[in-house]
Amino acid sequence: MTKHVFITGGSGFIGTRLCELLLEQNNKITILSRDPESVRQRWGNKIDVINELSELTTMTPLDWVINLAGEPIVDRPWTQQRKALLIKSRVTLTQSLFNTLNQLTTAPEVIISGSAIGYYDDTGNTIFTESSRQGKGFAAELCQDWEQAAVSDKPHSSRLCLLRTGVVLGKQGGMLKKVSLPFKLGLGGQLGNGKQWLSWIDLDDICQLILFLANNKACQGSYNATSPNPVTNYDFTKALGKQLHRPTIATVPAFILKTGLGDAASLLLGSQRILPAKAIKAGFEFTSPDISSCLQHCCKK
């Protein structure tokens with residue numbers, strides 16, 4: 001059955017691929033964008049675009065709402081100005097979105113709202129699932145406030161899923177796009193001591209998980225969007241080097257990352273061993289459950 005799907009962050013790395021999959025299923029899509037013209041250039045008349053949330057009140061009823069918006073968090077140091085922007089693009093936007101959804105005559109049947117595994121902070125070697133403790137620090141508190149903004153103002157009749165996303169791996173963007181050139185030049189290497197756990201997920205798998213949660217009425221609450229097989233940074237480095245047929249003898253010392261990124265370096269040097277327990281229990285099946293199959297998928301020409 002065709003759905004009317006509203007997406008924030010629909011022009012981003014995950015959102016773009018999700019739109020492709022939704023269009024394949026003949027769904028109607030509306031995107032929130034600060035640059036509507038670029039959306040029209042990308043999609044033509046296949047996708048509708050608005051630049052103000054208030055426009056939702058005059059549209060046909062929404063079936064699914066998928067909230068993926070958020071400024072990149074690791075790209076630069078967490079100055080006070082940067083922190084304010086990260087909060088605005090996540091917490092404040094989510095508050096505005098849910099305030100608007102509560103004004104609609106018909107509430108959406110399901111809302112999938114973004115979060116991240118930063119919610120747990122550094123877990124060391126300990127395995128964490130959705131029932132594990134909250135973390136501390138800026139990134140963890142940002143994720144917790146992000147989720148609370150959705151939980152506290154959810155339309156009464158809507159089902160809510162919170163998506164705690166790990167590192168998304170795909171050909172067109174995200175982490176792989178940033179590291180692929182150094183690796184191809186033979187300059188790729190582990191970060192710090194390489195022992196920190198990396199909880200990752202294939203781009204297609206996270207998009208399929210979103211569709212799975214939207215379509216399954218029994219699914220609600222928080223879900224870790226991570227592969228069932230996290231790897232250490234060392235093992236990720238070796239796997240990517242093998243896939244690209246390049247050496248991985250370099251090491252990026254921790255102090256260099258801390259000098260360049262400040263506190264934000266904690267997301268690269270911290271360890272997060274997160275499992276998608278609820279998704280597995282619900283019956284979701286990953287197409288790229290291990291890092292080798294994921295990198296083969298991402299790096300194929």
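Figure 1. L185 is exposed, because its relative accessible area is 57%. Exposed means over 50%, buried means under 20%, and partly exposed lies in between (1.4 Å probe, protein chains only). This is a predicted model, in which local features need pLDDT of at least 70, side-chain atom pairs count only at pLDDT 80 or more, and totals for chains, interfaces and linings use all residues. Residues are numbered from 1 along each chain as its sequence is written, and side-chain values use heavy atoms, with hydrogens and water left out. L185 sits in the loop between α5 and β9 (189–191). Helices (H or I, at least four residues) and strands (E, at least two) are DSSP runs, numbered from the N terminus. Together with L181 and L187, L185 forms a nonpolar patch on the surface. The three have about 340 Å² of accessible area together. Such areas come from the Shrake-Rupley method with a 1.4 Å probe; for residues, only the protein chains shown count as cover. Patch residues have over 30% relative accessible area and no salt bridge; nonpolar side chains (Val, Leu, Ile, Met, Phe, Trp, Tyr) are joined within 5 Å, like charges within 9 Å.

**Figure 2. The second largest pocket.** Its volume is about 320 Å³. Of its 15 lining residues, S180, K184, L244, C298 and C299 are the closest to the centre. Two or more lining residues come from each of α5 (174–184), α7 (233–244) and α11 (291–299). Helix α5 gives the most, with four residues. The lining divides into five nonpolar, four polar and six charged residues. Here Ala, Val, Leu, Ile, Met, Phe, Trp, Tyr, Cys and Pro count as nonpolar, Asp, Glu, Lys and Arg as charged, and the others, Gly among them, as polar. A pocket is found on a 1 Å grid over the protein atoms alone: it is an open set of points where a 1.4 Å probe fits, with protein on both sides within 12 Å along at least five of seven lines, and lining residues have an atom within 4 Å of a point. The volume is the space filled by probe spheres set on the points, which are joined across faces, edges and corners.

**Figure 3. The salt bridge between D204 and R17.** The whole structure has nine salt bridges. Each is a side-chain nitrogen of Lys or Arg within 4 Å of a carboxyl oxygen of Asp or Glu. In the pair of D204 and R17, the closest N and O atoms are 2.7 Å apart. D204 belongs to helix α6 (residues 203–215) and R17 to helix α1 (residues 13–24), so this pair links distant parts of the chain, 187 residues apart. D204 counts as buried, at 17% relative accessibility.

**Figure 4. The salt bridge between K28 and D48.** The side chains meet at 2.6 Å, N to O. Strand β2 (residues 28–32) holds K28, and strand β3 (residues 48–50) holds D48, 20 residues apart. K28 is partly exposed at 32% relative accessibility, and D48 is partly exposed at 33%.

**Figure 5. The salt bridge between K178 and D75.** Here the closest N and O atoms are 2.8 Å apart. K178 lies in helix α5 and D75 in the loop between β4 (64–67) and α3 (80–101), so the pair ties together parts that are 103 residues apart in sequence. K178 counts as exposed at 55% relative accessibility, whereas D75 is partly exposed at 39%.
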